[in-house]
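Here is a walk through one protein model, taken a few residues at a time. Keep the structure in view as you read.

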Amino acid sequence: MDLLVLDTNLKAIGVLDTFESLIWTDRYSKYGDFEIYTQVNPEALVALTEDYFLYLRGSEHVMIVEELKINTDAENGNYLTVTGRSMESILDRRIIWGQTTLTGSLQNGIQKLLNENIIAPTIVDRTIDNFIFEASTDPLITSLTIDAQYSGEDLYEAIQKLCETNNIGFKIILTADNKLKFKLYAGADRSYDQIANPYTVFSPKFGNLINSNYTESKKALKTITLIGGEGEGSARKTAIAEIPSGGGSGLSRREKFTDAKDVSSSVDGATLTLPVYTTQLVQKGYESLAESMATKSFDGQVETTSMYTYGEDFFMGDIIQIANEYGHEAKARVVELIHSQSLSGIDVYPTFIKV
């Protein structure tokens with residue numbers, strides 16, 4: 001795997017193709033990351049400079065060089081470890097500046113957050129000149145709504161939680177004219193439960209699931225949350241949010257508290273009605289519950305050169321069918337893809353989360 005190296009102006013300055021190992025991870029609704037391990041040499045030291053960018057063929061994402069470590073060893077030689085995150089991580093360089101209320105279309109709400117904090121903020125120094133927003137026309141995106149309030153939150157965390165809660169992805173792509181294009185997207189359904197798209201099935205019986213790890217966990221599960229808004233003691237405003245299947249009762253009920261004091265009932269000099277304010281508290285509750293879900297995940301090495309090819313037959317965020325030899329079969333979303341190269345060869349490791 002060859003890496004195209006871009007300088008701080010996003011201008012290509014060379015190719016890096018010699019290293020001991022590379023781990024490159026793309027994700028659906030979070031930023032990705034990478035790690036390069038290589039012998040220290042002049043070429044690597046020039047190419048792998050902090051704030052430079054890396055592009056890998058076969059990935060939509062661009063990575064940012066953020067950290068370098070050099071380990072010296074008289075016997076085994078000197079090695080350089082370089083790590084960083086994908087372009088989506090630049091969102092955490094901004095906070096939501098001031099009180100912001102979002103109502104109506106989720107996509108329009110996220111665009112508002114980006115406009116006010118990156119694209120056209122009132123403080124000119126906060127602007128990223130080449131950052132643009134491309135609206136999605138996918139009904140899976142345009143049908144989503146929001147009623148929420150923010151004030152001072154990390155911009156990345158706010159957008160990431162909104163996407164994760166609504167099972168959609170986001171990406172920042174480098175365009176041919178060096179624009180950083182933000183876009184929301186939703187994967188296609190390629191499981192047995194639909195007929196619109198060709199099936200994508202990974203299973204030992206098809207010879208395309210080489211090895212896998214199946215994990216079920218309820219350790220972090222919370223089913224219901226009490227959300228505390230503004231006020232103190234018995235006068236504090238509260239609301240309740242539950243997971244879609246309900247909060248449960250007895251041993252099946254798992255509670256948590258969500259502190260939402262930052263949600264204010266006063267917006268632009270007007271006072272929100274109690275139902276509207278409660279709706280905004282509930283949104284905070286849903287975001288909190290999304291961090292505390294039961295998980296069923298598959299990850300493993302798949303054969304992506306014979307039956308299905310990533311980037312042609314299935315993509316990040318797609319829902320596919322997966323099964324292992326022990327009868328665990330499910331619809332699962334592609335939420336992560338690792339490109340790995342080492343002395344033993346090149347591998348692809350997707351991670352699937354049950355939907």
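Start at Leu140. Leaving aside its neighbours within four places in sequence, Leu140 is in contact with Ala186 and Gly187. Leu140 belongs to helix H3, which covers residues 139-142. Is Leu140 buried or exposed? Its relative accessible area is 51%. The cut-off for exposed is over 50%, so Leu140 counts as exposed. Now look back along the chain to Leu114. Leu140 and Leu114 are 26 residues apart along the chain, and their C-alpha atoms are separated by 20 Å.

One point before going on: this is a predicted model.

Next, turn to Glu66. Strand S6 (residues 62-71) holds Glu66. Its relative accessible area is 26%, so Glu66 is partly exposed. Which residues does Glu66 touch, not counting residues up to four places away in sequence? They are Glu50, Thr83, Gly84, Arg85 and Ser89. Tyr52 is 14 residues from Glu66 along the chain. The C-alpha atoms of Glu66 and Tyr52 are separated by 8.3 Å.

Tyr37 sits in strand S4, which spans 33-39. With a relative accessible area of 30%, Tyr37 is partly exposed. Not counting residues up to four places away in sequence, Tyr37 touches Phe19, Glu20 and Ser21, and also Tyr79, Leu80 and Thr81. Ile70 is 33 residues from Tyr37 in sequence, and the two are 9.9 Å apart in space, C-alpha to C-alpha.

Now to the aromatic rings. A pair of aromatic rings is described by the distance of the centres and the angle of the planes. How many aromatic pairs does the structure hold? There are 13. One of them joins Tyr28 and Tyr185. Their rings lie 5.2 Å centre to centre, with 90° between the planes, and the pair is edge-to-face. Tyr28 is in the loop between strand S3 (21-27) and strand S4 (33-39), while Tyr185 is in strand S12 (residues 180-185).

Phe133 and Phe182 form another pair. Their ring centres are 5.8 Å apart and their planes are at 15°, so this pair is stacked. Phe133 lies in strand S9 (residues 131-133) and Phe182 in strand S12, so the pair ties together parts that are 49 residues apart in sequence. Why does Phe133 count as buried? Its relative accessibility is 16%, and the cut-off for buried is under 20%. Phe182 counts as buried too, at 0% relative accessibility. Both residues also belong to a cluster: ring pairs link Tyr31, Phe131, Phe133, Tyr156, Phe170 and Phe182.

Charges meet rings as well. Tyr185 returns here, with the charged end of Lys171 sitting over its ring, 4.4 Å from the ring centre. The charged end of Lys237 sits over the ring of Tyr277, 5.1 Å from its centre.

The backbone deserves a look too. Most residues other than glycine have a negative phi. Asn178 is not a glycine, yet its phi is positive, near 65°. Asn178 lies in the loop between S11 and S12. Its relative accessible area is 28%, so Asn178 is partly exposed. Asn167 also has a positive phi, of about 60°, although it is not a glycine. The loop between H4 and strand S11 (169-174) contains Asn167.

The last stop is the largest pocket, with a volume of about 1,500 Å³. Its lining counts 43 residues. Which of them are the closest to its centre? They are Glu164, Asn167, Ala290, Met293 and Ile353. So the tour meets Asn167 again, here in the pocket lining. By kind, the lining residues divide into 16 nonpolar, 15 polar and 12 charged. Several elements each supply at least two residues of the lining, among them strand S10 (145-151), helix H4 (155-165) and strand S14 (209-217). H5 gives the most to the lining, with four residues.

Notes. Residues are numbered from 1 along each chain as its sequence is written. This is a predicted model: local features need pLDDT of at least 70, side-chain atom pairs count only at pLDDT 80 or more; totals for chains, interfaces and linings use all residues. Side-chain values use heavy atoms; hydrogens and water are left out. On a 1 Å grid over the protein atoms alone, a cavity is a set of points where a 1.4 Å probe fits but cannot get out, and a pocket is an open set with protein on both sides within 12 Å along at least five of seven lines; lining residues have an atom within 4 Å of a point. Grid points are joined across faces, edges and corners, and a volume is the space filled by probe spheres set on the points. Ala, Val, Leu, Ile, Met, Phe, Trp, Tyr, Cys and Pro count as nonpolar, Asp, Glu, Lys and Arg as charged, and the others, Gly among them, as polar. Rings of Phe, Tyr and Trp (its six-membered ring) pair if their centres lie within 6.5 Å; planes under 30 degrees apart count as stacked, over 60 as edge-to-face and the rest as tilted. Buried means under 20% relative accessible area, exposed over 50%, partly exposed in between (1.4 Å probe, protein chains only). A charge sits over a ring if NZ of Lys or CZ of Arg is within 6 Å of the ring centre and within 35 degrees of the ring normal. Contact means heavy atoms within 4.5 Å.
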